[in-house]
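Hi,

Here is the structure I promised to pass on. Have a look at it first, then read on below.

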Amino acid sequence: MYFVVFGKNIELSKIELNILNPSNLKIVGNVAFFETDNYDFLSKLSGIVKYGKLINENEFVFDPKVILGTNNLDFANYIKKKYGIKRYKIIGLQNTDLEIKNKGIEILNFDGKCCLVKGYQNIDLYSNIDYDKSISGMNVGMMPSKLTHLMINLGIFSSDNFVNNLSIYDPFVGFGTTGFVANGLGYNFIGSDINISSVKKNLKWRNETNFVNNDKKFTLYKHDVNDLFKKSFLKNVNVIVSEGFLGPLVSRKTKKHEYINNQKKVLELYKRFFDNVIAFWGKNNINLCITFPYYLESDSNFLETELSFHIKNLGQKFFVPKTIYHRKKQLVGRKFIIFE
Ligand SMILES: C[S@@+](CC[C@H](N)C(=O)[O-])C[C@H]1O[C@@H](n2cnc3c(N)ncnc32)[C@H](O)[C@@H]1O
C-alpha cells in the first residue's frame, strides 16, 4: 500500500493521481492511500508534498543514530523509548524539513498506520524557475512552476506516456515557465508566442542552471494562435500545456460591462486557437491542458459557458475542473481545460 500527501490544489491533485491507476483508493483529509503497479511514477507527481509506502513497524529496524521526523508526538515518544533514538522532530503534514529530508528518516503515523516517506516534491527545481529566472513579469501573468508541472501531468494523462520521449508545446510561451519546467523534467519543448523576446532573454540564465537538460530540444518560434499551425515539427508534439492569454488588464475600477468585453475578446482568441488545434492535430488526438482567465469580480460565467459550447461542437472530449487557481489580491484567476 502506498500513500501521498496532497499539496494545495486537492481537486487537481486527485485527477493527477489517476495517472497511476490507483486501486483501493482511500482519501482521508490531505492524504491518499492506495495500491498501484506504477510505483515508479510516484516521484513524477506534482500535486503532492511527499509520498511513500506503508510499513509494518515490527518489520522495521530503527537506527538510533538517525533523526526521526514524524507528524505524531505519541509515535515519536514510543519509538524513542523502544529503539533509544536520540532525536526526533515533529513536522507538519504538508511541510518538508530539510535536515530530515537530507539525513533523517520521516515516518508519518495515522491511527497506528506507519507511512515511510520515500520522496518529496521537486522544490529545488520549482524555486530555481520561480525566483532565479532573469526576467519575469506580473503584468502578463506568470505561472508558478509547481502548478505548471501539475498541468504537464494533467495533459500527459496516461502513465504510458511518461516513458516516451515526450514533447511539450506551449503556444503562449510568455517568459518560458512551461519550457523550463518541461526541460528540467527531461522533456523536449517547443514554445511559441506573438512575442518571443521575453523567453529568449531567459535563455542565458537557463543554460547556466543546474537544472538544464542540454540533450533535450528547446525550440522557439514566433506564432500568432489566430493563424493556422503549419510547422512540421509540431507533428511531434505529445502534449499542449499553456497558460493562455489573460485578456486586457483589469483593475478594481473595471466595470461590469468591461468584464463582459474582456471575456468576449478572450473567447474569440480561444475559439480560433481551438479551431486551429483541431485542424492541425485532429479531434481527440492530442493531449492538452490550458488555463483560461476567470474574472473574480465579474458575476458572469459567459467565457466558460461559450468556450465549453465551442469545444463540444468541435467534437473534442474535455472537462473543466471546478478549481479556480488565484493568488492573493489577484483579480484574475485561472480555470483549466483538459482534453480527455
Ligand atoms: C499569461 S502570458 C503567458 C505567461 C507564461 N505562462 C509564463 O509563465 O511566462 C500570455 C502570453 O500570451 C501571448 N499572446 C497573446 N495573444 C497571443 C496570440 N494571439 N498568439 C500567441 N500568443 C499570444 C502574450 O504575448 C503573452 O506572452
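What follows is what I found in it, from the whole chain down to a few single residues.

Two bits of housekeeping. This is a predicted model, so to speak of local features I needed a pLDDT of at least 70, and side-chain atom pairs count only at pLDDT 80 or more, while totals for chains, interfaces and linings use all residues. Residues are numbered from 1 along each chain as its sequence is written.

**Overall**

The protein chain has 10 helices and 15 strands (DSSP runs numbered from the N terminus: H or I of at least four residues for helices, E of at least two for strands). Its radius of gyration is 22 Å, close to the 20 Å that the globule rule gives for 340 residues, so the chain is as compact as a globular protein of that length. That radius is taken over C-alpha atoms, and the rule is 2.2 Å times the number of residues to the power 0.38. Along the principal axes, the C-alpha atoms fill a box of roughly 70 × 45 × 35 Å.

Buried residues account for 38% of the 340. My cut-offs: buried takes 20 or more other C-beta atoms within 10 Å of a residue's own, exposed takes 12 or fewer, and partly exposed is in between, with C-beta atoms placed from the backbone. Of the contacts between residues at least 6 apart in sequence, 69% join residues at least 24 apart; a contact is two such backbone-placed C-beta atoms within 7 Å.

**Two domains**

The chain is divided into domain 1 (2-120) and domain 2 (123-339), with bounds from an automatic or database domain assignment. Their C-alpha centres lie 32 Å apart. Across the boundary, 16 residues of domain 1 are in contact with 14 residues of domain 2. H1 supplies the largest share of the domain 1 side, 4 residues. That side has 7 nonpolar, 6 polar and 3 charged residues (nonpolar: Ala, Val, Leu, Ile, Met, Phe, Trp, Tyr, Cys and Pro; charged: Asp, Glu, Lys and Arg; polar: the others, Gly among them).

H1 has Leu12, Ser13, Ile15, Glu16 and Leu17 buried. Their cover includes strand E1 (2-6), strand E3 (31-35), strand E4 (48-55) and helix H5 (145-156).

**The sheet and the cores**

Seven strands form an open sheet with mixed pairing, in the order E11-E10-E9-E12-E13-E15-E14. Two strands count as paired if DSSP finds at least two bridges between them. Strand E11 (218-222) and strand E14 (318-319) are at the edges with a single partner strand each, so one side of each is left without a neighbour in the sheet.

Strand E10 (188-193) runs parallel to E11, joined by 5 bridges; one of the pairs is glycine 191 with leucine 220. Strand E9 (167-170) also pairs with E10 in the parallel sense, over 4 bridges, and here isoleucine 168 stands opposite phenylalanine 189. E10 has 6 of its 6 residues buried, with Asn188, Ile190 and Ser192 on one side and Phe189, Gly191 and Asp193 on the other.

Ile168 turns up again in the largest nonpolar core, which has 51 residues; Ile152, Ile168, Val239 and Ile240 have the most contacts inside it. (A nonpolar core is a set of buried Ala, Val, Leu, Ile, Met, Phe, Trp, Tyr and Cys residues joined through C-beta atoms within 7 Å.) Apart from that core lies another, of 24 residues, including Val4, Leu20, Ala32 and Ile48.

Which asparagine in the loop between strand E5 (68-70) and helix H2 (73-83) did I look at? Asparagine 71. With 20 C-beta neighbours inside 10 Å, it counts as buried. Asparagine 71 touches Ile90, Ile91, Leu93, Leu108 and Asn109, leaving out residues up to four places away in sequence. Its C-alpha is 5.3 Å from that of isoleucine 90, 19 residues away in sequence.

The other two are about backbone angles. Most residues other than glycine have a negative phi. Asparagine 21 has a positive phi of about 50°; it lies in the loop between helix H1 (10-17) and strand E2 (23-28). Asparagine 284 has a positive phi too, near 50°, in the loop between helix H9 (256-281) and strand E13 (287-295). Asparagine 21 is partly exposed, with 14 other C-beta atoms within 10 Å, and asparagine 284 is partly exposed with 13.

Cheers
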